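Welcome! Please take a moment to look over the protein shown here, and then read the short briefing below it.

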Amino acid sequence: MSAVRPEAEDPYRAQAGPLEVPGLQDRVHGRGRVREMAELSEFEEMYLKRLFEAHVDKPSAIVKTTQLAEMMDVSPASTTEMIQRLAGRDLVTHIPYKGCRLTPEGFQQAAMIKRREGLIEILLT
């Protein structure tokens, strides 16, 4: 009698590992796949919200770093640092010396933040 190895029973388990399931972080929403809302810090959410407010009129417009710094009442250097952090998470596209714009994923995240804020406001009034 030959012993059957667990990997031989399920070829997907051998590829993905015991706790890793491909696509677990994604969910189907609307027309395509959207990542679950990543855990963002309070400041990251504030920047996304301000960028969203700046993008409402022109979604493809580039928001200047100095403009965003004034909106947030912080230094341009702090704003650049946060833009780079958000760009690393694929939430904004950073264009050095010009500014940034929200990526489609960043736009969705910011819209969810604004929606959540609006719902809380309604519940508290």
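This briefing moves from the overall layout to a helix pair, a salt-bridge network and two further spots.

This is a predicted model, in which local features need pLDDT of at least 70 and side-chain atom pairs count only at pLDDT 80 or more, while totals for chains, interfaces and linings use all residues. Residues are numbered from 1 along each chain as its sequence is written, and side-chain values use heavy atoms, with hydrogens and water left out.

**Overall layout**

- The protein has 6 helices and 4 strands; helices (H or I, at least four residues) and strands (E, at least two) are DSSP runs, numbered from the N terminus.
- Of the 125 residues, 24% count as buried; buried means under 20% relative accessible area, exposed over 50%, and partly exposed in between (1.4 Å probe, protein chains only).
- The accessible surface is about 9,400 Å², and 55% of it belongs to carbon and sulfur atoms; such areas come from the Shrake-Rupley method with a 1.4 Å probe, and for residues only the protein chains shown count as cover.
- Among contacts with a separation of 6 or more, 55% are between residues 24 or more positions apart, where contact means heavy atoms within 4.5 Å.

**Where two helices cross**

- The axes of helix α3 (residues 42–55) and helix α4 (residues 65–72) come within 10 Å and cross at roughly 115°; these axes are lines fitted to C-alpha atoms, for helices over the stretch in contact, and angles run from 0 to 180 degrees between N-to-C directions.
- The contact uses Met46, Tyr47, Arg50, Leu51 and Ala54 of α3, together with Leu68, Met71 and Met72 of α4.
- Setting aside residues up to four places away in sequence, Arg50 touches Leu68, Met71 and Met72.
- Arg50 and Leu68 are 18 residues apart along the chain, and their C-alpha atoms are separated by 7.4 Å.

**A salt-bridge network**

- Side chains of opposite charge can pair when their charged atoms come close.
- The structure holds 7 salt bridges, each being a side-chain nitrogen of Lys or Arg within 4 Å of a carboxyl oxygen of Asp or Glu.
- Arg50 pairs with Glu53, with the closest N and O atoms 3.2 Å apart.
- Arg50 and Glu53 are separated by about one helical turn because they are 3 residues apart in helix α3.
- Glu53 also forms a salt bridge with Lys114 (3.0 Å, N to O).
- That pair links distant parts of the chain, with Lys114 in helix α6 and Glu53 in helix α3, 61 residues apart.
- Lys114 meets Glu117 in another salt bridge (3.8 Å, N to O).
- Through shared partners, salt bridges join Lys49, Arg50, Glu53, Lys114 and Glu117 into one network.
- Arg50 counts as partly exposed because its relative accessible area is 28%, and Lys114 is partly exposed at 26%.

- Thr65, in helix α4, counts as buried because its relative accessible area is 15%.
- Beyond its neighbours within four places in sequence, Thr65 is in contact with Pro76, Thr79, Thr80, Ile83, Lys98 and Gly99.
- Ile120, Leu123 and Leu124 form a nonpolar surface patch with about 370 Å² of accessible area together.
- Patches are made of residues with over 30% relative accessible area and no salt bridge, joining like charges within 9 Å and nonpolar side chains (Val, Leu, Ile, Met, Phe, Trp, Tyr) within 5 Å.
- Ile120 lies in helix α6 (residues 104–124) and is partly exposed, at 43% relative accessibility.
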